[in-house]
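Morning, everyone. Let me put the model up, and then I'll walk through its helices and its pocket.

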Amino acid sequence: MDELQNLRRDIDAIDRELVELFRRRMDVTARVGQYKRERGIPVLDQARERQVLQNKGELAGEELRPAVITLYQTVMALSRRQQR
């Protein structure tokens with residue numbers, strides 16, 4: 001197997017883990033949505049989202065910060081849609 005195939009195999013393995021983690025996150029998001037509906041809490045919490053983006057950006061470091069922020073903006077948009 002050449003190096004490119006090995007690298008692609010590694011990416012595929014990581015992607016499987018990411019999909020499983022995303023599935024788990026969305027399961028929790030569904031429960032958050034139910035909690036909010038039962039209590040009349042709005043789905044969108046802008047302060048919370050700003051804090052999440054800041055925290056994840058810091059975790060990513062300078063080089064990956066813009067990409068991680070974009071990733072989490074997308075993830076949170078999907079989560080909000082699911083909560084509705």
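Start with Q82. Q82 is partly exposed, with a relative accessible area of 34%. On the cut-offs: buried means under 20% relative accessible area, exposed means over 50%, and partly exposed is in between, with a 1.4 Å probe and protein chains only.

Before going on, the ground rules. This is a predicted model, where local features need pLDDT of at least 70 and side-chain atom pairs count only at pLDDT 80 or more, while totals for chains, interfaces and linings use all residues. Residues are numbered from 1 along each chain as its sequence is written, and side-chain values use heavy atoms, with hydrogens and water left out.

Back to Q82. It is found in helix α2. Helices here are DSSP runs of H or I with at least four residues, strands are runs of E with at least two, and both are numbered from the N terminus. What does Q82 touch, not counting residues up to four places away in sequence? M26, T29 and A30. Contact means heavy atoms within 4.5 Å. Take A30: Q82 and A30 are 52 residues apart in sequence, yet 6.5 Å apart in space, C-alpha to C-alpha.

Now α2 as a whole. It runs over residues 46–83, which is 38 residues. A straight helix would reach 56 Å at 1.5 Å a residue, but the end C-alpha atoms of α2 are only 15 Å apart. The expected span is 1.5 Å times one less than the number of residues. Where is the kink in α2 centred? On G61, with a bend of about 140 degrees. That bend is the angle between axes fitted to the seven residues ending at a residue and the seven starting there.

Compare α1, residues 3–39. Its 37 residues should span 54 Å at 1.5 Å a residue, and its end C-alpha atoms are 54 Å apart, which agrees. After α1 comes G40, with a positive phi near 70 degrees.

Next, packing. In α2, the buried residues are E49, V52, L53, G57, V68, V75, M76, S79, R80 and Q83. They pack against α1. In α1, M26, T29, G33 and K36 are buried, and they pack against α2. A reminder on geometry: an α-helix has 3.6 residues a turn, so residues three or four places apart point the same way.

Some individual residues. S79 lies in α2 and is buried, at 5% relative accessible area. Leaving aside neighbours within four places in sequence, S79 is in contact with R25, M26 and T29.

K56 is also an α2 residue. K56 is partly exposed, at 26%. With sequence neighbours within four places left aside, K56 is in contact with V68 and Y72. K56 and I69 are 13 residues apart in sequence and 7.0 Å apart in space, C-alpha to C-alpha.

Buried or exposed? At 77% relative accessibility, E63 counts as exposed.

R31 and L21 are 10 residues apart in sequence and 16 Å apart in space, C-alpha to C-alpha.

Of the 21 residues lining it, the closest to its centre are R25, Y72, V75, M76 and S79. The elements giving two or more residues to this lining are α1 and α2. α2 gives the most, with 11 residues.

How that is defined: on a 1 Å grid over the protein atoms alone, a pocket is an open set of points with protein on both sides within 12 Å along at least five of seven lines, and lining residues have an atom within 4 Å of a point.

Notes
1 Å grid on protein atoms, 1.4 Å probe; cavity = no way out; pocket = protein on both sides within 12 Å on 5 of 7 lines; lining within 4 Å.
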